[in-house]
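Let's take a walk through this structure together. Have a look at the fold before reading on.

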Amino acid sequence: MEFDEKELRREISYAIKNIHGVRTGLFTPDLAFEAIVKKQVVKLKSPCLKCVDMVIQELVNTVRQCTLKLNSFPRLREETERIVTTHVRDREGKTKEQILLLIDIELSYINTNHEDFIGFANAQQRSSQLTKKRAVPNQVKIRSPSVRPHTGHQDHFML
């Protein structure tokens, strides 16, 4: 699945503007995030279903290759291939239903309270912390070579 970062940023900007409307809100970026995430999650449906189709095709091909070893028993080969292929095809429908259900579940609630999601307030806080860290120049502590780091005792050098 491919996405264009510029297009995604443009969508986020439009979503923030659309959610603001005529008034400004405190939680707009989270709502904009949810709108964008939902659009991205919907885009997952097609690749997921295509993946299921590819796996099913590969399973059917594998079944055929395995049943070729039963050529000396033609009826057993045909019946085995039919039973296994039918079972795989039955599970294909249920698998697709479960994938669509999972995507619908993901669309129904975007957890912006999760610890991995920084949100707008935390993003501002992190940004200010990074700015403060950058403002302080890099300080390097130089140790004397004659002082051991762990014990603090001086080494005695003999020539």
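You're looking at a predicted model, where local features need pLDDT of at least 70, side-chain atom pairs count only at pLDDT 80 or more, and totals for chains, interfaces and linings use all residues. Numbering runs from 1 along each chain as its sequence is written, and side-chain values use heavy atoms, with hydrogens and water left out.

Start with the layout. The chain has 5 helices and 0 strands, where helices (H or I, at least four residues) and strands (E, at least two) are DSSP runs numbered from the N terminus. Along the sequence that reads as α-α-α-α-α. Contacts (heavy atoms within 4.5 Å) tell you how the chain comes back on itself: of those with a separation of 6 or more, 61% link residues 24 or more positions apart.

How much of the chain is buried? Of its 159 residues, 16% are. Here buried means under 20% relative accessible area, exposed means over 50%, and partly exposed is in between (1.4 Å probe, protein chains only).

Now for the inside. In soluble globular proteins, nonpolar side chains tend to be buried together. A nonpolar core is a set of buried Ala, Val, Leu, Ile, Met, Phe, Trp, Tyr and Cys residues joined through side-chain atoms within 4.5 Å. The largest one here has 10 residues: Val 37, Val 41, Val 52, Ile 56, Val 60, Val 88, Ile 99, Ile 103, Leu 107 and Ile 110. Helix 2 (28-42), helix 3 (45-67) and helix 4 each bring at least two residues to this core, and the largest share, 4 residues, is from helix 4. Zoom in on Val 41 and, leaving aside neighbours within four places in sequence, you'll find it in contact with Ile 103, Glu 106 and Leu 107.

Back in helix 2, Gln 40 is buried because its relative accessible area is 18%. Its C-alpha atom is 9.5 Å from that of Leu 8, 32 residues away along the chain. Thr 67, in helix 3, is buried too, with a relative accessible area of 3%. Not counting residues up to four places away in sequence, Thr 67 touches Arg 77, Thr 80 and Glu 81.

Over to the outside. The chain's accessible surface (Shrake-Rupley method, 1.4 Å probe; for residues, only the protein chains shown count as cover) is about 13700 Å², with 57% belonging to carbon and sulfur atoms. On it, Leu 101, Leu 102 and Ile 105 form a nonpolar patch with about 280 Å² of accessible area together. Leu 101 sits in helix 4 (residues 74-108) and, at 44% relative accessible area, is partly exposed.

What about the cysteines? There are 0 disulfides, a disulfide being a pair of cysteine sulfur atoms within 2.5 Å. Cys 48 is partly exposed at 27% relative accessibility, and Cys 51 is partly exposed with a relative accessible area of 44%.

Last stop: Asn 111, in the loop between helix 4 and helix 5 (119-135). Asn 111 counts as partly exposed, at 36% relative accessibility.

Key
Patch = residues over 30% accessible without salt bridge, like charges linked within 9 Å, V, L, I, M, F, W, Y side chains within 5 Å. Salt bridge = Lys/Arg side-chain N within 4 Å of Asp/Glu carboxyl O.
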